[in-house]
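Here is a friendly walk through one protein model, with a look at its sheet and its charged side chains. Please have your viewer open as you read.

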Amino acid sequence: MDSSSREKKIEILKSLIQEYPDFPKQGILFRDLFSVFKNVEALQILQELIFDHTNSLSKSVDVVAALESRGFLIGPLIAIQLKVPFVPIRKPGKLPGNVQKVDFELEYGSDSFEVQIDSIKEGQGVLLVDDLLATGGSLEAASKLLTSKGAKVVENFVIMELCDLKGRSRLTSPVHSLVKY
């Protein structure tokens with residue numbers, strides 16, 4: 001896909017992403033990716049943009065991991081496209097079996113993530129997926145969780161990035177975002 005076509009498609013997505021002031025907390029401007037999912041043509045555009053980028057990573061990605069919950073909408077599709085396994089990174093108590101946990105701070109509280117111990121193997125290249133990069137706390141924590149298991153985060157892939165919050169500065173692996181605010 002040429003850069004002009006890519007930019008047009010990104011502008012279409014950007015025009016459909018709805019904004020909700022003061023959600024989930026006063027002072028936060030929430031950008032809702034679900035509004036894109038309501039439009040079949042926009043959803044197809046989103047899929048084209050995702051695959052156009054992630055196909056270029058296929059030789060270095062052994063597994064796709066995604067953050068709960070919106071990452072789960074995108075991650076499995078990328079895994080199917082790349083023909084690699086999908087691994088969910090979830091909130092505590094949601095995964096069966098033996099899990100490894102990491103705690104982290106968010107802009108409005110603290111949280112934790114867990115991954116099943118046998119889902120990531122040492123030396124694997126991981127594409128880490130989420131819908132949004134804001135302050136970077138969630139992706140940073142997930143990355144630490146994966147690298148503590150000996151994996152290498154090849155890239156952090158997000159649909160939207162809130163550039164003013166400088167979240168990418170917290171991440172040690174490359175970041176690719178489709179829509180930048």
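The report below starts with the ground rules, then turns to the sheet, the charged residues and one tyrosine.

This is a predicted model, in which local features need pLDDT of at least 70 and side-chain atom pairs count only at pLDDT 80 or more, while totals for chains, interfaces and linings use all residues. Residues are numbered from 1 along each chain as its sequence is written, and side-chain values use heavy atoms, with hydrogens and water left out.

**The sheet**

Helices (H or I, at least four residues) and strands (E, at least two) are DSSP runs, numbered from the N terminus. Five strands make up an open sheet with parallel pairing, in the order β4-β3-β7-β8-β9; two strands pair if DSSP finds at least two bridges between them. At the edges are β4 and β9, each of which pairs on one side only. From one strand to the next, the twist averages 20 degrees. Strand β7 (residues 125-133) runs parallel to β3, and four bridges join the two. Val64 sits opposite Leu127 in β7. Helix α3 (residues 40-54) packs on this sheet, where it touches β7, β8 and β9, and its direction makes about 155 degrees with that of β8. For such angles, axes are lines fitted to C-alpha atoms (for helices over the stretch in contact), and the angles run from 0 to 180 degrees between N-to-C directions.

Which strand holds Glu155? Glu155 belongs to strand β8 (residues 152-161). Glu155 is buried but has no salt bridge, and Arg168, the nearest side chain of opposite charge, is 8.7 Å away. Here buried means under 20% relative accessible area, exposed over 50%, and partly exposed in between (1.4 Å probe, protein chains only). For charge, Lys and Arg count as positive and Asp and Glu as negative, with His and the chain ends not counted. The side chain of Glu155 does make a polar contact of 2.7 Å with that of His53. A polar contact is a pair of N or O atoms within 3.5 Å; within protein, one must be able to donate a hydrogen and the other to accept it, and residues adjacent in sequence count only if both atoms are side-chain atoms.

**Salt bridges**

A salt bridge puts a side-chain nitrogen of Lys or Arg within 4 Å of a carboxyl oxygen of Asp or Glu. The whole structure has ten of them, including these:

| Pair | N to O distance |
|---|---|
| Glu68 and Arg90 | 2.9 Å |
| Glu140 and Lys144 | 3.9 Å |
| Glu140 and Arg170 | 2.6 Å |

Glu140, Lys144 and Arg170 are linked in a network of salt bridges. Both Glu140 and Lys144 lie in helix α5 (residues 137-147), four residues apart, about one turn of the helix. Arg170 is in the loop between β8 and β9 (175-180), 30 residues from Glu140. Glu140 counts as buried because its relative accessibility is 19%, whereas Arg170, at 34%, counts as partly exposed.

**Tyr181**

Tyr181 is placed in the segment after β9. With a relative accessible area of 23%, Tyr181 is partly exposed. Tyr181 and Leu165 are 16 residues apart in sequence, with 9.9 Å between their C-alpha atoms. Beyond residues up to four places away in sequence, Tyr181 touches several others, among them Lys14, Arg31 and Met160; contact means heavy atoms within 4.5 Å.
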